[in-house]
Every structure is written in structure tokens, then in C-alpha cells.
Amino acid sequence: MLGYAKDEGVPYMLASDDVALGCSMAEAFTPFLLSFSRVTSSPDQLAILFYLVAGSCTEFRAQEQELRYLRAIYAKNSIEAQDARTAQQRLLGLAARRQLTGYYALVSAMSEPGGECPIFASDNDEFYWMLGLLDGIQAIINDIASGGSAEVPMDIAAKVGRGAACLDNEEWWGVPAAIQAAIWIAIPGNEPVDKAPRQVLQQSMQIGEDQGMHIAHVLAAQVYLGQGDTEEVKQIIRRYAKLSKPASENQEYEVLNRVSSLQIQAISDRLWTEAMGKRTPLGKVGTFWDDSGKVVETIDIDELL
């Protein structure tokens with residue numbers, strides 16, 4: 001079963017363009033596959049991926065609660081807003097715990113990031129190393145947003161940043177440098193004197209665009225959103241929306257792009273809902289309510305009755 005999951009099930013899920021089915025697979029099969037640790041060696045490498053995906057799926061549910069919160073604030077409904085915020089933070093805490101488990105699976109399967117780089121036997125090992133680093137940084141982001149309910153150790157951030165240096169930035173779509181830059185911006189004072197974090201993020205997004213992979217765009221949007229830099233977030237969303245959608249040269253990782261697309265859309269929905277009380281209009285990702293020379297469409301409530 002473990003051999004099948006690693007050789008056939010995981011590649012099939014990664015190449016899928018249906019994130020919802022990937023979520024169902026990750027959430028349903030994670031406890032089943034990991035139960036084999038009771039009878040054989042623990043499938044830690046699979047856990048790195050499955051907990052990252054399961055955590056991301058929980059994030060999507062948390063994002064819906066955040067939109068409910070913002071709509072309640074817009075409508076001045078304090079009770080609804082409080083309830084939505086509580087539901088959101090509970091889900092973010094669960095997402096953080098799942099991703100923290102994925103990070104610890106990386107430690108068990110390979111080594112603790114932050115020390116000497118492991119010897120990678122294959123590209124597959126490098127891929128799982130990168131996923132484990134993403135587990136770590138997403139766990140921190142979600143734990144902070146949940147109010148610290150998952151108690152994710154903050155020193156993981158520095159370890160992840162150093163661990164990202166073990167990967168070739170060009171080979172892995174600009175993600176390793178984007179991880180480092182995100183940490184430098186979120187935790188000021190630890191960036192190298194010869195590095196400009198914002199410039200590194202721009203370069204990482206360009207590398208990702210050239211290869212048809214967009215994880216760096218999500219990391220950049222998340223870090224600027226956390227900094228309260230709404231204008232920079234808008235620019236990233238506009239940049240993403242303008243990308244042509246040719247077939248990626250990395251079709252075997254298509255689900256990662258689909259998750260990235262949903263994350264960008266969710267951030268756009270957050271900005272729209274905060275300003276207008278409703279999410280991004282259909283087909284309008286990359287546009288905003290206050291774009292000059294554009295009129296925001298409104299609906300007469302009588303037309304809905």
C-alpha cells in the first residue's frame with residue numbers, strides 16, 4: 001500500500017487539476033497511510049506532502065469564515081462577526097497543527113533544517129525537502145493568525161530560511177529564495193546585508209513565471225498582506241492575473257498551481273469583501289473596486305426578488 005501510494009497515488013494527485021479531490025484524498029488517506037507506522041517504518045516522506053495539503057484545505061475553510069467575518073463587519077453585525085472570527089481562528093489553528101506535523105515529518109524523514117544540508121539522493125528528495133519547508137512557514141503564518149493556538153515554535157522560521165539555501169532556486173521555481181525573503185520581511189533584522197528582500201521576491205516571482213509555477217506569488221502576497229501593504233498585494237494579484245496560461249512545463253505538479261490560484265483568489269476576495277462587502281466578481285481577479293476609470297457593478301435588490 002505504501003509503495004502504491006508513493007509510486008502511483010501521489011504522482012496522480014500532484015498532476016490533478018482538481019484541488020477539491022486532492023483535499024478529499026489527503027484528508028481521508030492521511031490517517032490510513034500513516035497507520036502503517038504501527039507495523040513498519042513510518043512513511044514520513046508521504047506525511048510531509050499529505051499534511052501540507054490537508055492544512056491547505058483547512059485554510060480554504062478558514063478563508064470562507066474570514067469572508068463571513070468581513071461581511072458581518074461591513075453590515076455592522078457584531079455578533080455574526082465575533083462568531084465568524086472564532087470559527088476562522090479554530091480552523092487556522094487546525095491548519096497550523098497539521099502543517100507543523102508535516103514539518104516534524106520532514107525532520108524525521110531527512111534532518112532538522114538549519115544545520116548542514118542533507119545529501120539529496122534524487123530530485124524527489126529535494127521536492128519533499130521544499131514541501132517540508134513550506135509546511136514550516138505556513139504553520140507559523142497560520143498559528144499567528146489563529147492567535148497562537150497551535151503553539152508553533154517561532155525558531156522554525158530561521159531554520160526554514162537556512163534550510164531553503166540547500167535548494168537550487170532556479171530549479172525549484174524561485175520558491176527557496178521566496179521563502180527566505182518572506183522570512184526576512186516578516187522577521188526584520190535577520191536579512192543578509194547584501195540582500196534586498198523585496199527585490200528577491202520580485203526575482204523569485206519572475207523565475208516562477210518563466211517556468212509556469214506560481215508558488216512564489218502566493219508567498220509574496222501573504223507576506224505583504226501580513227505587513228498591511230495592500231497596494232503591493234494588489235500589484236501581485238494584478239501581475240498574476242495578467243499571466244498567460246500556457247501548459248506548464250511542470251504538468252506533474254499541476255495541483256500546486258491550482259492551489260496557488262485558489263490562494264490568490266482568496267486574497268483578492270478578502271480585499272474585495274473588506275471594501276465592498278462581497279467577494280471578487282466572477283472573472284475579475286486582478287481588478288479592484290477602486291480602479292481609476294472603472295465603475296463597480298451594482299445589483300438592484302429588486303432584481304433578485
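The crossing of helices H4 and H5 is left-handed. This is a predicted model.

**The H4–H5 pair**

- Two packed helices are described by the angle between their axes and the distance between the axes.
- H4 spans residues 78-109 and H5 spans residues 123-145; they pack at an angle of about 150°, and their axes lie 7 Å apart.
- Because angles over 145 degrees count as roughly antiparallel, H4 is roughly antiparallel to H5.
- On the H4 side, the residues in contact are Gln89, Leu92, Ala95, Ala96, Gln99, Leu100, Gly102, Tyr103 and Leu106.
- On the H5 side, they are Tyr128, Trp129, Gly132, Leu133, Asp135, Gly136, Gln138, Ala139, Asn142, Asp143 and Ala145.
- Sorted by class, this contact comprises 11 nonpolar, seven polar and two charged residues.

**The cavity**

- The largest cavity has a volume of about 310 Å³.
- Its lining consists of 22 residues, and those nearest the centre are Leu52, Ser56, Leu134, Leu256 and Val259.
- By class, the lining of the largest cavity has 15 nonpolar residues, six polar ones and one charged.
- At least two lining residues come from each of these helices: H2 (19-34), H3 (44-74), H5, H9 (215-226) and H11 (254-276).
- H3 gives the most to this lining, with seven residues.
- H5 belongs to both topics: H5 meets H4, and H5 also supplies at least two residues of the cavity lining.

Methods:
Residues are numbered from 1 along each chain as its sequence is written. This is a predicted model: local features need pLDDT of at least 70, side-chain atom pairs count only at pLDDT 80 or more; totals for chains, interfaces and linings use all residues. Side-chain values use heavy atoms; hydrogens and water are left out. Axes are lines fitted to C-alpha atoms, for helices over the stretch in contact, and angles run from 0 to 180 degrees between N-to-C directions. Helices (H or I, at least four residues) and strands (E, at least two) are DSSP runs, numbered from the N terminus. Angles under 35 degrees count as roughly parallel, over 145 as roughly antiparallel, 65 to 115 as roughly perpendicular and the rest as oblique. A crossing is left-handed if the near helix is turned anticlockwise from the far one by less than a right angle, and right-handed if clockwise. Contact means heavy atoms within 4.5 Å. Ala, Val, Leu, Ile, Met, Phe, Trp, Tyr, Cys and Pro count as nonpolar, Asp, Glu, Lys and Arg as charged, and the others, Gly among them, as polar. On a 1 Å grid over the protein atoms alone, a cavity is a set of points where a 1.4 Å probe fits but cannot get out, and a pocket is an open set with protein on both sides within 12 Å along at least five of seven lines; lining residues have an atom within 4 Å of a point. Grid points are joined across faces, edges and corners, and a volume is the space filled by probe spheres set on the points.
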